[in-house]
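Here is a short note for a colleague who is opening this model for the first time. Please keep the structure in view while reading the points below.

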Amino acid sequence: MQRTTSLLSSCSSSSSSSSSFPLPLSIRDGLHFNLNRHNSSSLPYHHHHYTTKTPLNSSFFFRRVLPPVLRSTAVTEEIIETSKDELKFIEIGYVCNVHGLQGELRVKPNTDFPELRFSEGKRWLKERISGKEVIREVEIVEGREHAGQKSWILSFEGIDTIDQAKQLVGSALLVREEDRPVLEEGEFYNPDLIGMRVLLKDTGELVGTVVNVFSSGGNDLLQVMLSSTEETHNSSGSVEAGSDVPGPLVWIPFVEAIVPDVDTDRKEMQITPPKGLLQLNLRSDVRSKKERRQLEWKERKKATQRLIAAKKKLSELEQRHVFDGLRFGDKAQKSLIANQIVGINYKLFQQAMQNTVTPSISLLEFINANKTKLQENSSKASAEFNSAQGTERTLNPTQDLLQKGLKFVSEGKVAIVIVANEITSKDSAELHHLQGILSNEKRFTTAIKDGQISLPLIIVSPASEIQSVQELFSNHEYFAFDPHKVWLLEEEKLPVVTSSTEEQNKHKILLKSPWEILQSPVGSGGIFSLLSTHGILGNLMENGVEYVQVCSLSRASAIVDPLFIGFTDSCGADTGIKTDDNDKDLNEDFNLIFSVRFLKKITGQMNNLQFYKVETQNSHVQMVDDEWIDVVPSSPNSYELHCSIHSVLNTCSSDKICIMEGGGAY
């Protein structure tokens with residue numbers, strides 16, 4: 001059974017969990033539901049479904065107007081100057097803009113109880129006055145939901161004009177911590193988890209401290225800072241005592257099987273992590289504190305240089321408006337937009353903007369247009385065997401092709417790529433399908449050496465589900481694959497751009513919030529960029545791999561197909577395509593084999609890939625007169641940039657392509 005978090009706010013993902021910029025932390029007015037909450041005894045779990053999908057490595061950011069200076073208002077309630085010893089408050093929303101001319105304000109909620117929090121009654125505002133952060137009491141007179149903007153419209157006592165209202169824009173709306181709703185048994189708040197000690201259930205050994213809680217859609221994740229005694233491991237794998245240097249951060253899924261006990265009174269939880277979970281983000285590190293600080297300084301310098309280079313690229317592409325988020329917001333928000341600016345694949349983005357076709361590539365049309373040539377290519381396999389074996393005995397060409405393919409597999413000369421973009425959550429049928437495929441030992445029998453499958457394996461999944469895939473592999477000991485030959489990659493994404501070119505004939509990148517770039521998956525064609533940018537192709541070549549089989553998850557049951565491999569090689573083809581009568585969509589359900597030499601050529605000539613635009617309707621924000629404005633279109637207003645894996649067919653000579661239909665050649 002999984003534990004879930006109620007999330008009602010806008011959220012985003014960073015490009016990489018190993019980013020040089022810090023992940024933002026967020027404490028919000030939300031519930032976290034636990035299987036065993038301890039108050040001297042375990043209590044039953046109440047399974048409430050309040051979950052909203054949130055990608056891994058995410059936090060909560062809100063569109064708000066940032067005025068030059070916040071001045072005092074007509075509100076006359078008590079002002080409390082904040083300090084380290086201030087009363088405990090919980091933030092429930094941001095005042096992001098004014099509404100109308102009667103002093104009403106628009107608030108972006110940061111709470112799971114908006115109907116309660118934005119009803120009539122006493123609240124507090126946190127703002128900066130004369131350089132000091134102050135908290136003042138206010139009275140909500142009326143509150144109503146503004147569904148179209150995903151916000152609430154509030155009226156405060158004493159705020160009757162637009163000029164008074166403008167002075168409150170950018171403030172945070174608070175409630176006292178003691179006013180939180182009383183929870184039922186088995187429920188607790190996210191902030192109560194943060195700061196908890198994490199212990200191993202079997203030994204009582206201290207693991208670390210919970211520093212944040214994230215939701216990845218399928219289940220929640222605890223971000224745990226390991227204690228200093230866990231932070232260094234020598235070359236033999238034994239633990240060495242640490243110093244006062246903060247330990248590394250690791251992710252621990254907040255599920256019953258791993259976190260069976262949580263004691264809110266003692267502020268600690270006990271875990272039973274599967275083998276290897278705590279070591280996923282660790283490395284051998286016996287450097288001194290001084291050496292680590294020097295390394296951190298160098299990394300920050302590199303991060304700054306990468307950001308400068310990325311900003312230069314955006315300037316060249318006339319997309320300087322993306323920088324606006326760096327001018328406003330707190331450190332965490334600026335870090336988020338910096339991460340996203342650095343994370344854009346500019347080479348691919350520029351190629352997509354310059355090389356789009358309409359309509360998109362159709363595999364069926366390609367096959368029909370090249371039917372004669374493809375039939376000639378397919379006959380090469382039989383001709384090769386007849387010529388090589390002579391006519392002294394009757395041959396079985398299918399068996400010969402099968403044996404040839406098995407030889408490639410047994411020698412580790414084939415790599416497997418599964419494009420699993422359909423995975424939506426940890427409990428999705430697609431993830432279970434992937435597990436079933438990889439658990440089929442018979443499929444990989446000929447590739448097993450020294451107890452491990454020798455074939456390289458690459459899995460591509462949505463960024464929001466990469467943690468679920470990592471957990472799947474960790475929990476099943478990588479399905480007997482060599483961990484050093486397994487790559488778990490996030491699917492390639494590109495910014496969404498405006499469909500209108502009124503402004504200097506340029507498509508502009510859309511912003512989901514001031515600190516979030518609106519992005520969409522590239523599609524199956526993104527695999528070529530991933531193989532190149534992650535250095536995987538070079539690794540495969542160094543290890544003697546000659547062919548790479550690429551399948552969609554729906555066709556993944558066909559991986560390690562020795563007959564298809566032998567057939568492609570015997571045709572002398574650089575690209576092999578296998579179709580099936582059950583394929584519902586030849587463009588989405590694919591099973592192809594590429595020679596490594598051809599992939600090397602393609603990754604060096606990415607400008608030959610063809611993209612196509614998909615017109616979509618997307619809400620976004622833009623800055624007008626130094627204020628962030630929500631834009632909610634009534635019709636399609638943007639393009640998502642996509643690339644099909646079949647677009648590569650136009651770059652391959654037709655005599656180097658073969659097709660196997662079902663169980664035989666085309």
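**Notes on the model**

1. Start with Ser 474. Ser 474 is buried, at 8% relative accessible area (buried means under 20%, exposed over 50%, and partly exposed in between, with a 1.4 Å probe and protein chains only). Its place is helix α12, residues 466-475 (helices are DSSP runs of H or I with at least four residues, strands are runs of E with at least two, and both are numbered from the N terminus). Ser 474 touches Lys 275, Gly 276 and Leu 277, leaving aside residues up to four places away in sequence (contact means heavy atoms within 4.5 Å).

2. A word on the basis. This is a predicted model, where local features need pLDDT of at least 70 and side-chain atom pairs count only at pLDDT 80 or more, while totals for chains, interfaces and linings use all residues. Residues are numbered from 1 along each chain as its sequence is written, and side-chain values use heavy atoms, with hydrogens and water left out.

3. Next, the salt bridges. How many salt bridges does a search of the whole structure find? The search finds 16 (a salt bridge is a side-chain nitrogen of Lys or Arg within 4 Å of a carboxyl oxygen of Asp or Glu). Arg 327 forms one of them with Asp 626, with the closest N and O atoms 3.3 Å apart. Arg 327 lies in the loop between α4 (289-316) and α5 (331-343), and Asp 626 in the loop between β33 (620-624) and β34 (627-631), so this pair ties together parts that are 299 residues apart in sequence. Arg 327 is partly exposed at 48% relative accessibility. Asp 626 is also partly exposed, at 46%.

4. Another pair is Asp 569 with Lys 404. Their side chains meet in a salt bridge at 2.9 Å, N to O. The pair links distant parts of the chain: Asp 569 is in helix α15 and Lys 404 in helix α10 (residues 397-410), 165 residues apart. Asp 569 counts as buried, at 18% relative accessibility.

5. Look also at Glu 411 and Lys 413. Their side chains form a salt bridge at 3.1 Å, N to O. Glu 411 is partly exposed at 35% relative accessibility, and Lys 413 is partly exposed at 25%. Both belong to a network of salt bridges that links Lys 407, Glu 411, Lys 413 and Glu 546.

6. Asp 589 deserves a check. Which side chain of opposite charge is nearest to Asp 589? The nearest is Arg 555, 6.8 Å away; Asp 589 is buried yet has no salt bridge (Lys and Arg count as positive, Asp and Glu as negative; His and the chain ends are not counted). The side chain of Asp 589 does make a polar contact with the side chain of Ser 554, at 2.7 Å (a pair of N or O atoms within 3.5 Å; within protein, one must be able to donate a hydrogen and the other to accept it, and residues adjacent in sequence count only if both atoms are side-chain atoms). Asp 589 sits in the loop between β30 (575-579) and β31 (591-595).

7. Now the cysteines. The whole structure has zero disulfides (a disulfide is a pair of cysteine sulfur atoms within 2.5 Å). Cys 571 is buried, at 3% relative accessible area. Cys 551 is buried too, at 0%.

8. Three strands form an open sheet in the order β25-β35-β32, with antiparallel pairing (two strands pair if DSSP finds at least two bridges between them). β25 (497-498) and β32 (612-616) stand at the edges, each with a single partner strand, so one side of each has no neighbour in the sheet. Two bridges join β25 to β35 (residues 638-642). Thr 498 stands opposite Ser 638 in β35.

9. Last, two backbone angles. Val 560 has a positive phi of about 55° although it is not a glycine. Val 560 lies in the loop between β29 (547-552) and α15 (562-570), and is buried at 9% relative accessibility. Lys 267, another residue other than glycine, has a positive phi near 55°. Lys 267 is in the loop between β17 (261-263) and β18 (268-271), and is partly exposed at 32% relative accessible area.
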